[in-house]
Amino acid sequence: QNEVDSQSDQTNAQLKDIQLQLLHFKKTVEKLNEEIDYLKTKLLPTPSCRKPISDCREAEPRVSSVYSLQLCSIPTQQVYCNQTFRNGGWLVVYNRNNGDDSSFNRSWESYKHGFGDPEGEHFIGLQHLHALTYAVNYEVAFLLMKDGVENSVIYDGFSIGSELEEYRIKRIGKPTGSMRLFHADQSYYFHTTDRNHLPPVARATVESEGCAFWFIDSTDSHDQNEFEQFCRDLKNLKIMVRKNDIVLPRARMFD
């Protein structure tokens, strides 16, 4: 029995070592892909010289870089396309990397129109996000770096309403990944420091942390410590959207 246990321990140790090697290899490949994309961009025309796109899958050549996005009635906007995550085609709409808090401690109007550098920390703007998702089926990915580990969730359906609807999440699909941010049986409205109707505890945190995001209005849904931690986590969050051509019967449209 002791010999069997010893062999089992050795096997488990070997498997763990292989898993660590695979993880290291994956990170190395991802880093090399990013470096390749960076080098390719040096040989590409500047974004202003490239043909405008309406979706990151149209980008030519297919590398992670800045492109001009052209939507129906909205002026052309510079956006960043991520072509390395999950087969590419992702439009980065929100990107923070633990930078200056003040750059995201902004008013409702600022979040409405968008701000920042598409190659760095930025937000595309609520009106642009609404224009992207209100009539076309999109999936959305949330990536959060926490304690050196990347946590993620992809919802296979995503849509937000107009400003009259306070840019609330109108449709959220089935989630896959290691974390959860939204539930289909809840209503989430966008809140900023100068425009929110959150309960007092949450409102105070939003104002002190400069925290703007989609939150539930319910007075029973905000634990102060958890809410403060969530606002701190936003400083390392990336949000990306991608067209999803599949009809999603499980994605719920909020009334």
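**Close-up views of a predicted model**

View 1. Asparagine 82 belongs to strand β2, residues 77-82 (strands are DSSP runs of E, at least two residues, numbered from the N terminus). Asparagine 82 is buried, at 9% relative accessible area (buried: under 20%, with a 1.4 Å probe and protein chains only). A polar atom of the asparagine 82 side chain lies 2.9 Å from the backbone nitrogen of phenylalanine 85. Beyond neighbours within four places in sequence, asparagine 82 is in contact with Ser64, Gly88, Gly89, Trp90, Val92 and Met240 (contact: heavy atoms within 4.5 Å).

**View 2. Nonpolar cores.** Phe142 and Trp214 touch the most other members of the largest nonpolar core, which has 51 residues. Apart from this core lies another, of seven residues, including Phe85, Ala141, Leu143 and Met240. A nonpolar core is a set of buried Ala, Val, Leu, Ile, Met, Phe, Trp, Tyr and Cys residues joined through side-chain atoms within 4.5 Å.

**View 3. A nonpolar surface patch.** Leu15, Ile18 and Leu22 make a nonpolar surface patch of about 290 Å². Such patches join nonpolar side chains (Val, Leu, Ile, Met, Phe, Trp, Tyr) within 5 Å, from residues with over 30% relative accessible area and no salt bridge (a side-chain nitrogen of Lys or Arg within 4 Å of a carboxyl oxygen of Asp or Glu). Areas come from the Shrake-Rupley method with a 1.4 Å probe. Leucine 22 is exposed, with a relative accessible area of 53% (exposed: over 50%).

**Notes.** In this predicted model, local features need pLDDT of at least 70 and side-chain atom pairs pLDDT 80 or more, whereas totals for chains, interfaces and linings use all residues. Residues are numbered from 1 along each chain as its sequence is written, and side-chain values use heavy atoms, without hydrogens and water.

How values were computed:
Patches are made of residues with over 30% relative accessible area and no salt bridge: like charges are joined within 9 Å, nonpolar side chains (Val, Leu, Ile, Met, Phe, Trp, Tyr) within 5 Å. Helices (H or I, at least four residues) and strands (E, at least two) are DSSP runs, numbered from the N terminus. A polar contact is a pair of N or O atoms within 3.5 Å; within protein, one must be able to donate a hydrogen and the other to accept it, and residues adjacent in sequence count only if both atoms are side-chain atoms.
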